[in-house]
Every structure is written in C-alpha cells, then in structure tokens.
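Trainee: I would like to go through this structure and ask what the terms rest on. Please set each value against its definition.

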Amino acid sequence: MKTYPYWWEFYKPYHFQNTQVSNSSYDLVVVGAGYTGVSAAIQASSKGLKTLLIDQLALGEGASTRSAGMVSGGLNLGKKINLFKDYGEDLAKKFIQESIGSYEYLEDQINHHLEEVSYQKTGRLVLAHSKKKLDALRQKTKLLNSLSDLQIQIIENLDNEIINNYYKGGMLVKNAASVNPAKLYNFFLDKALSNKVDIFSPCKLLSHQKKDEFYELKTSEGKIKTLYLIIATNGYSEKDIGNEHYNIIGVPSYIAATNILGQEKVQKLLPKLRMYSDSKNDLYYFRPSPDHKRILFGAFPVWAYGMENSKMVKSFFYKKINIILPKIENFSIDYIWGGKVGVTFNTLPMVKKTNNKIFVLGCNGSRCGSYALSWLSSRKYDYYKSK
Ligand SMILES: Cc1cc2nc3c(=O)[nH]c(=O)nc-3n(C[C@H](O)[C@H](O)[C@H](O)COP(=O)(O)OP(=O)(O)OC[C@H]3O[C@@H](n4cnc5c(N)ncnc54)[C@H](O)[C@@H]3O)c2cc1C
C-alpha cells in the first residue's frame with residue numbers, strides 16, 4: 001500500500017529554485033506555496049510586483065495536492081458558528097455570497113483547461129445521517145437558494161443515488177464539481193512560472209521583523225528584505241508566523257483510495273458519480289476517481305496523524321467504507337494519505353492586514369486569496385504614488 005496521495009501519480013511535488021534568496025530584496029514575499037500562495041504570487045507578479053514565493057516543503061506538498069478535489073462554494077462557510085446571529089443579516093449574506101462567488105471564480109480561472117485539470121461538473125450530495133440533520137439541510141437549502149443560483153434541492157428518497165440504509169436523505173447541489181487537485185495545482189504553478197515569479201523551495205520562514213518600511217525575514221536560506229509580506233501557510237502554520245495573529249489549527253484529515261474496482265462497479269455503488277459528504281461531525285466524504293475506476297474515501301480520524309501505514313488506520317477505513325458502501329464487497333486499499341485542513345478558531349476564512357503584512361488563512365472553500373491581492377495591488381499603487 002502507498003502512503004502518498006493517489007494524485008501524486010499525476011503531479012508529484014518537487015523542490016525548485018529559479019533564484020538566489022540570501023540577501024535579496026523584493027516588493028512582495030509570499031510564504032506558503034499552496035493554492036493560496038501561488039494564486040497570490042500570480043496576481044502580484046501580473047500587477048508588476050517583484051515577487052518571491054517560498055515554501056518549507058516541496059511545491060504543493062501541503063494540503064493543496066492532498067485534498068479530495070471536491071469543488072463547491074457557499075456550503076461550508078463558518079460551519080461552527082451562527083453567521084446571522086454573530087454578524088447580522090447583511091454581513092452574513094455578504095459572506096455567503098462571497099463564498100459562493102469562489103466557485104465561479106475558480107471556473108473562470110480554469111476555463112478552457114477543464115480536461116487538463118480533470119474538472120467534471122458532478123454536483124455534490126450532502127447526506128443527512130439523521131432526520132434532524134435533514135431538517136437542518138432543508139433550512140440551509142432555502143437560505144442558499146434565496147441567495148444564489150446553486151440550484152439546491154432536497155432528496156428524500158436516495159434509491160437512485162446511493163445503495164445504503166444509513167442516510168435519511170440529502171441536499172443536492174447541482175452547481176458543484178470535481179477536480180484532480182494535483183493537476184489543478186500544477187496548472188497554477190505553471191502560470192506562476194510563466195509570470196516570472198521567483199520561487200524557492202525548500203525555504204522556511206523562521207521569523208520576521210519590521211524595520212522602517214521593510215520586513216526583514218529570517219529564513220532557512222538566509223535573510224530577505226521585502227516591502228510586503230503575505231503569510232499563506234494555512235494548516236501548516238506554526239507560531240513563528242506571528243504570535244499575534246496565530247489563529248489556526250491544522251486538523252488532520254485522511255483519504256483512502258481503493259484498488260481499481262472498474263467503472264461498472266463504481267457506477268453501481270454511486271450511480272450518479274457525484275461528490276458526497278455527510279452531515280455528521282466526524283465527517284466522511286467520498287467520490288469516484290476522475291476515471292471512475294476507484295473510490296476515494298475521506299475521514300477525520302484525528303488520532304491517526306502520521307500513522308497512515310498502520311493496521312489500525314487501514315482497518316478503520318475498511319470498516320467505514322463497508323458501512324457507507326455495503327455493496328462494495330471485495331476490495332482492497334491501494335493508497336492512504338493524510339494532510340492538514342486549516343481551520344481558524346471561528347471557522348471563518350481570515351484575511352488580516354497590518355503594516356503591509358497580510359495573513360490569508362483558513363480559506364477552505366472561499367476566495368480570500370483574491371481579497372488579499374486586490375488590497376495589495378491598490379497599496380502598491382499608493383506606495384509608488386507617494387514616492
Ligand atoms: C485530506 C484533505 C482533504 C481535503 N478535501 C478538500 C476538498 O475536497 N475540497 C476543498 O475545497 N478543500 C479540501 N481540502 C482543503 C484544501 O486542501 C485546502 O483548503 C487548500 O489546499 C489550502 O491551500 P493553502 O494554499 O491555503 O494551504 P496549503 O496547500 O496547505 O499550503 C500551505 C503551505 O505553507 C507552507 N508553510 C507553512 N509554514 C511555512 C513556513 N514557516 N515557511 C515556509 N512555508 C511554510 C507549507 O509547507 C504548505 O505547503 C482538503 C484538505 C485535506 C488535508
């Protein structure tokens with residue numbers, strides 16, 4: 001069994017340097033080269049900023065090439081809080097609309113490259129494990145339909161969707177999709193390279209300090225000076241990113257990929273070949289592979305971090321897959337891997353800016369990366385205007 005992501009058969013994260021960083025000077029340094037950091041670097045370089053992107057690991061080795069590749073917007077915002085109660089109706093609606101906008105934003109970015117990144121418009125079925133949860137999904141459906149054209153509907157009878165007595169119904173989101181996350185990462189990385197972004201991996205940010213109008217960064221590869229700093233370290237953040245804004249936990253999540261079951265068997269188990277998640281707190285999520293020959297099954301056994309190769313983790317997955325997809329019968333597991341999902345303390349995405357430093361964290365399913373950049377590009381112009 002392999003303990004690296006199935007997706008790495010298509011793009012394997014690698015170390016890369018197209019510059020020297022020691023004693024260098026930049027307009028912008030982006031720390032963390034996942035989707036967020038790479039997207040920020042692309043936009044900054046296209047606005048004319050001299051931009052450096054660094055990562056302590058290989059390029060994409062964080063969460064961005066480890067995910068399940070389920071694409072949606074608006075569904076997962078502020079899961080653990082009541083947006084309306086905590087922020088008031090107007091702001092709550094704006095948050096949700098912005099999050100829904102992230103879905104269109106991504107489609108816009110990869111337009112004309114859908115096959116290259118294995119983008120498939122599959123829809124997403126959120127399955128209710130109890131009647132109470134189904135009622136909650138009903139309310140959510142009403143709200144989201146009133147704010148968007150996600151075309152959400154409640155499905156009471158799941159016979160045509162999944163063969164299993166476990167779920168009590170579901171919420172079907174038609175405007176949702178799937179992607180190969182590693183191919184998607186490679187697509188954005190290529191864009192960054194053709195935009196002439198300077199890249200250095202591995203290079204770890206150890207500390208940073210403001211001196212006059214610049215930040216001085218201490219990294220594993222030497223000192224770097226920069227006018228602007230973006231911290232996009234998400235679930236892999238450590239306190240050295242700045243204690244004052246350390247506001248994120250890397251919650252481990254794991255995915256198992258079955259052996260090749262074949263398209264016929266996969267389609268029998270999941271006739272509509274959608275993306276699936278469930279409403280329970282220790283969430284399961286599953287999907288067919290893009291070629292529809294395997295099933296990828298995700299879960300949050302947080303006790304298992306770093307134990308991907310153990311018998312315990314393997315038997316956990318066998319057990320859960322058999323409960324959720326009882327007709328799967330003979331199967332084996334070819335891959336199990338883990339990654340860290342960045343969850344902020346209030347479960348909302350965080351874009352925080354102080355003194356030309358921007359933290360962009362916890363944007364799982366949102367588009368705060370682009371917020372940060374629109375702010376940054378306007379600042380760049382202000383800076384030059386003032387010179
Ligand atoms: C198992 C799993 C399944 C998931 N499934 C889905 C899904 O189906 N759909 C979905 O939308 N999302 C999913 N997610 C979440 C999604 O992967 C993340 O939202 C996304 O990848 C975050 O991108 P990012 O660039 O913010 O962070 P990351 O890709 O994690 O990048 C952060 C980078 O920062 C680097 N870094 C940290 N500290 C430093 C430092 N001091 N110096 C230099 N570099 C540093 C890390 O090495 C890392 O590469 C899943 C995540 C996991 C782990």
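Mentor: The secondary structure of the protein comes to eight helices and 19 strands, where helices (H or I, at least four residues) and strands (E, at least two) are DSSP runs numbered from the N terminus. This is a predicted model, in which local features need pLDDT of at least 70 and side-chain atom pairs pLDDT 80 or more, while totals for chains, interfaces and linings use all residues. Residues are numbered from 1 along each chain as its sequence is written.

Trainee: Why does A177 count as buried?

Mentor: A residue is buried if 20 or more other C-beta atoms, placed from the backbone, lie within 10 Å of its own, exposed if 12 or fewer, and partly exposed in between. A177 has 21 C-beta neighbours inside 10 Å, so A177 counts as buried. This residue lies in strand β8 (residues 177-178).

Trainee: Which residues does A177 touch, not counting those up to four places away in sequence?

Mentor: They are V71, Y119, Q120, K121 and T122, a contact being two C-beta atoms, placed from the backbone, within 7 Å.

Trainee: How do you know that the span of helix α3 agrees with its number of residues?

Mentor: The expected span is 1.5 Å times one less than the number of residues. For the 22 residues of α3 (residues 89-110) that should be 32 Å, and the end C-alpha atoms are 33 Å apart, which agrees. The buried residues of α3, among them I96 and L106, pack against β4 (70-71) and α4 (131-147). Just after α3, H112 takes a positive phi of about 75°.

Trainee: What makes β18 and β19 a pair?

Mentor: Two strands pair if DSSP finds at least two bridges between them. Strand β18 (residues 350-354) and strand β19 (residues 357-361) have five bridges, in the antiparallel sense, so by that definition they pair. The bridge partner of M350 in β19 is L361. Two residues lie between the strands of this hairpin, where N355 takes a positive phi near 50°.
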